[in-house]
Amino acid sequence: MATQHSRSAARIMMAPAVILLLGWMLVPLAMTLLFSFKQYLPLRGGDLGWVGFENYVRFVSSSAFWPSVQATLVIVGGVLAITICFGVLLAMLLDQPFWGQGIVRILVIAPFFVMPTVSALVWKNMFMDPVNGLFAHLWKFFGADPVVWLSEAPLFSIVLIVSWQWLPFATLILLTAIQSLDSEQLEASEMDGAPPLKRFWFIILPHLSRAITVVLLIQTIFLLSIFAEIFVTTQGSFGTRTLTYLIFQRVLESQNVGLGSAGGVYAIILANIVAIFLMRIVGKNLDA
Amino acid sequence: MGRITLDKVVKRFGDVEVIPPLDLTIEDGEFTVFVGPSGCGKSTLLRLIAGLEDVTDGQIRIDGNDATDIPPAKRGLAMVFQSYALYPHMSVRKNIAFPMRMAGIPEDEQKRRIDAAAKALNLTDYLERRPGQLSGGQRQRVAIGRAIVREPAAFLFDEPLSNLDAALRVGMRMEISELHAKLKTTMIYVTHDQVEAMTMADKIVVLRAGYVEQVGSPLELYRAPRNVFVAGFIGSPKMNLIDGAEAAKHDCKTIGVRPEHIAISDSDGQWTGRVGVSEHLGSDTFFHIHDTGLAETITVRADGEVGFRHGDTVYLTPREDSIHRFDEQGLRIA
Amino acid sequence: MARAASPRRKAITTLAAWSVGLLIFFPILWTMLTSFKTEATAIADPPVFLFFDWTLENYSVVQERSDYMRFLWNSIIIAGGSTILGIIVAVPAAWAMAFVPGRRTKDILLWMLSTKMLPAVGVLYPMYLIFIQMGLLDTRIGLTIVLMLVNLPIIVWMLYTYFKEIPGEILEAARMDGATLKEEILYVLTPMAIPGIASTLLLNVILAWNEAFWTLNLTAAKAAPLTAFIASYSSPEGLFYAKLSAASTMAIAPILILGWFSQKQLVRGLTFGAVK
């Protein structure tokens, strides 16, 4: 409800944000699309002309592609499984009354605020180092041989680091969702004679399903493009080269822009598939 | 000055016509009340006059000048909102000063007007408080104060009393009437409460679905409702509307008799029925009479001392000169 | 919970919650502790936990050797600048969407959010090229603009949800009181939305501060913020635990403090209102 006056004012007020984001979205995207159809090697001759879909075919058929898809799936899937399972448990624990709730909440959330390069570096050196890392000391204490984490269990290590960063996010959102559960509903189910496990399964979990979906989708989008953690720890070696990292290497390290751009287009399509589902949920919640 | 003229004003939201072509003149200094059930378009009409909504077609003139395309700020009107719409981050003083600050009125003049308004509205002790620290009635007065200091051509009130409790409502009603008597500025007041309309208005505009059903003074509306809708809407308790054989006796489709125009007796009368619920107000008693064969219920007003019991058989007699007659279209037959 | 838990149960929960909390926090705690050790103590076998000679030496060494202040300053400028720029662009847009909603408002809002979902790596080279062409590579202004664009959807979104909570009648009252659009936004809307704007500011400073794709790929020496500064420690010659810890502590401390203030807004800002 408004006047012509305010409607035209609204258009003007929205214009800067819309134009900026439109430019930010379209210009680089168009360039990526353009490059993806070209043989483009900035250090070896530059623009060598159109090649059709060759880059797309080569990107998918290169020996690095499938391993990178696998690494991506393992990392994304592993982190999602860990953060959501532990997130639900942790959220339920933190929802109980106990002394020092505020402080514990802060302790649990803290990792989310640690910049990715710091957490990767701290884990890599101070925990996973085979000589001086805390894990090595721990293993030795129990009489085991220290593990060279980042080369012997590289994917697990990265999953561990990233899970540590994202567990707070999942926990916080799930906790918010649990707190919105009507306690009378739980009490009613208790009166109806449902044991705790059944209460969890039939009342709490369904109530959390939407929050879990949201965590799943948002984390997927962010996890698909994790970069700093790999950049700092393994630089993509030992089978930790994800799709994102592969594209980064194609573009900046081997300077094959055409090939990298084709990979970029794949990544964008992949992210969009996830984004569509997320946007649906968000859109439903927008009171129009 | 504040003469407001609506000339064939139309408002559509998309395909929905909220206000069909409407002509209306509000004279300078008049206290006009727009009344009607919710969704009748009365608030929309007020917002059109305020300039908060665009008219789809037609013209709004203020003191003869076309104001249709003038933004709200420039129309010289002040508005009191249902939620009061006070600025929560400003003190009462700053709230009242805001329109003057926007108009660039000098500080000392601002202060003079604030003090005068505060005195008139009993707000002097609260000037430094925030709206959040005030009661509903006080907030209402701040909103009015903010409107007064602008010295507007007309005041617009959008259901200003609906958020107050019953006792305060009566008090504020009188204060607003008092204010109008003092300022003699045009006031347009929107309400769904016909009691507010009857008690405050010089002129009542009854609206239904965007259409003006009747315009007139409270007593004109009470004495000569133009149609069945107005007859049922104005007056409390509602007028009894009777169809069928009884109406045919009066050569019309429907007759209407107000509860206060029916005599009740235990011995004889024109109609008979059984007493249902009776509401004793002390000064008056309202009886709801069933099984009259005329309508579901007939409401009768009697003296406070009259006592009938639930189930008693009573006799009713309408005052012949106070029977309203309506035709097939629901229009009044003179 | 409507019922009070039994003391026994509460004690057990307390124990469990604190254990988990400390376990999760431990890497940060360990980093902070190590930053006060000498290099020798830092790699002592077995590790020392609390009883060592505390020293501030690492902090001064890190500052001297790597010019920590310069990176810090870059981080502050980039994170703060991008957020403030973003808010300046987003306030009018959020006003329009919240108070003058049209048929397409919802679509625009969702579209804006969807731009946040684009993988950065997909447009890495074009951005690189644009930056070189415009002379923005390794400049603070370039990075500020990029991070502003990256976070703009979230800023618009958050402001929108906060503005939605302000009754439109108050803004209409301002309009009736003779305020122009600028005055309405400046004197009425903004002061009323201060808490919301502050939370938006806070969360986006955090996000920009920790952003580690563009900051690593579009900077070299001059404009590198703390993310890049820390990444430089991953090369072998930088491997000194105590100094690494001191540098890390300095890089995360300011944001940890801000983060604790903004934890409530985190949910709102990062789930786009899908979880309440």
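Colleague: How many residues does the contact take from chain C and chain A?

Modeller: It takes 87 residues from chain C and 89 residues from chain A. Two residues are in contact if their C-beta atoms, placed from the backbone, lie within 7 Å. This is a predicted model; local features need pLDDT of at least 70, side-chain atom pairs count only at pLDDT 80 or more, and totals for chains, interfaces and linings use all residues. Residues are numbered from 1 along each chain as its sequence is written, with chains lettered from A and ligands numbered from 1 in the order in which they are written.

Colleague: Which helix of chain C gives the most to the side that touches chain A?

Modeller: Helix 1 of chain C, with 16 residues. Helices are DSSP runs of H or I, at least four residues; strands are runs of E, at least two, and both are numbered from the N terminus.

Colleague: What about the transmembrane regions of chain C?

Modeller: The unreviewed UniProt entry annotates several, including 141-163 and 184-209. Such annotations may be inferred rather than shown by experiment. Residues 141-163 of chain C are 100% helix and 0% strand, with end C-alpha atoms 29 Å apart. For residues 184-209 of chain C, the span is 96% helix and the ends lie 32 Å apart.

Colleague: Switching to chain B. What is the strand order in the open sheet?

Modeller: 11-12-18, antiparallel. Strands pair if DSSP finds at least two bridges between them. Strands 11 and 18 of chain B each have a single partner strand, so one side of each is left without a neighbour in the sheet.

Colleague: Which residue stands opposite B:G256?

Modeller: B:H324, in strand 18 of chain B. Strand 12 and strand 18 of chain B pair over 3 bridges.
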